[in-house]
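Q: Hey, I've got a structure open here. Can you walk me through a few spots in it?

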Amino acid sequence: MASNLDTLVTVFGGSGFLGRSVVRALAKRDYRIRVAVRRPELAGYLQPLGRVGQIHAVQANLRYPSSVEAAMRDSHVAINLVGILAESGAQTFDAVQASGAGAVAKAAASASARMVHVSAIGADENSPSRYARAKAAGEMAVFSAIPSATIMRPSIVFGPEDQFTNRFAALARVSPALPLIGGGLTKLQPVYVGDVATAVADAVDGKARPGAIYELGGPEVLTMREIMEIILSITERKRLLISLPFRLAKLQSMLLQFAPGAMKLTPDQVELLRADNMVSDAAKAAGLTLEGLGIAPDSLEAIAPQYLWRFRAAGQFQRKSA
């Protein structure tokens, strides 16, 4: 019987937030892993996640199909995790999440490899958000090249290095108030990065249905206001939560899209917050969820305290440590 050691998995975007967890999950299952990234010399920190020689980084840029084809050479499975939250120069939503996903799928098809593609809940060709439209175009490109591909659509992903909970915890450290865009009524289903990584690894194992779209969400549906309240509770900070109408948020984002770090807010991100982001009833009925894969998802309140503690007020943290 062939073992996982005989299977080479190429992970595009394996050095990112989700990528690190996916590489770790695959390494624990004894797969050989090729991490395809734009700057492989900066991905050395991934090697300790596996045994000596198990993880190898190579150069690839989804905007250059020849580099993608080279990265896929002799691979048995392709995983595409590449995505961006904001555009910058040549790194546009269409180039990365639509054309880029298609480039990976075509290279995987040429190599007769299976494919797992990570998209996002909310991918919709008719969405007012360019991010969501590009995600939908990427899914179509993947299925066009590999009809048997498995697509994973997570809701908002949280974890130690995320740009979601850490962002608002950082804002709470420096700002006396936090904005609730649209009143904070948008519903999300935050999903732990480790659970998404397990789902991706299960798909590589062959446990997911080919040609299916899975929707991955945590155990709870929370409003943005409730999420903010959880973050403030964990970090032990009292901050005003101020409702910000969508129209005003859109105007502010015209300037904040150029802001650094946690202050950055783009017009497209405001558009995304107009729609709820949670697992659909159709996905639940079809068993195309974490639970359908036999994964019991972890909650935000259970996991976030493990990494958000560093944002607590210094005096409060010292008293608790005494």
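**Strands and their partners**

A: Strands here are DSSP runs of E, at least two residues, and helices are runs of H or I, at least four, numbered from the N terminus; two strands pair if DSSP finds at least two bridges between them. This is a predicted model, where local features need pLDDT of at least 70 and side-chain atom pairs count only at pLDDT 80 or more, while totals for chains, interfaces and linings use all residues. Residues are numbered from 1 along each chain as its sequence is written, and side-chain values use heavy atoms, with hydrogens and water left out.

Q: Which residue stands opposite V77 in β4?
A: That's V9, which sits in strand β1 (residues 8-12).

Q: Is V9 buried or exposed?
A: Buried, with a relative accessible area of 0%. Buried means under 20%, exposed over 50%, partly exposed in between (1.4 Å probe, protein chains only).

Q: And what about the rest of β1?
A: Five of its five residues are buried, so β1 is largely enclosed by the rest of the structure. L8, T10 and F12 cover one side, V9 and V11 the other.

Q: Switching topic, where does S127 lie?
A: In the loop between β5 (114-118) and α4 (130-145).

Q: What does S127 touch?
A: Not counting residues up to four places away in sequence, A132 and R133; contact means heavy atoms within 4.5 Å. S127 is also buried, at 12% relative accessible area.
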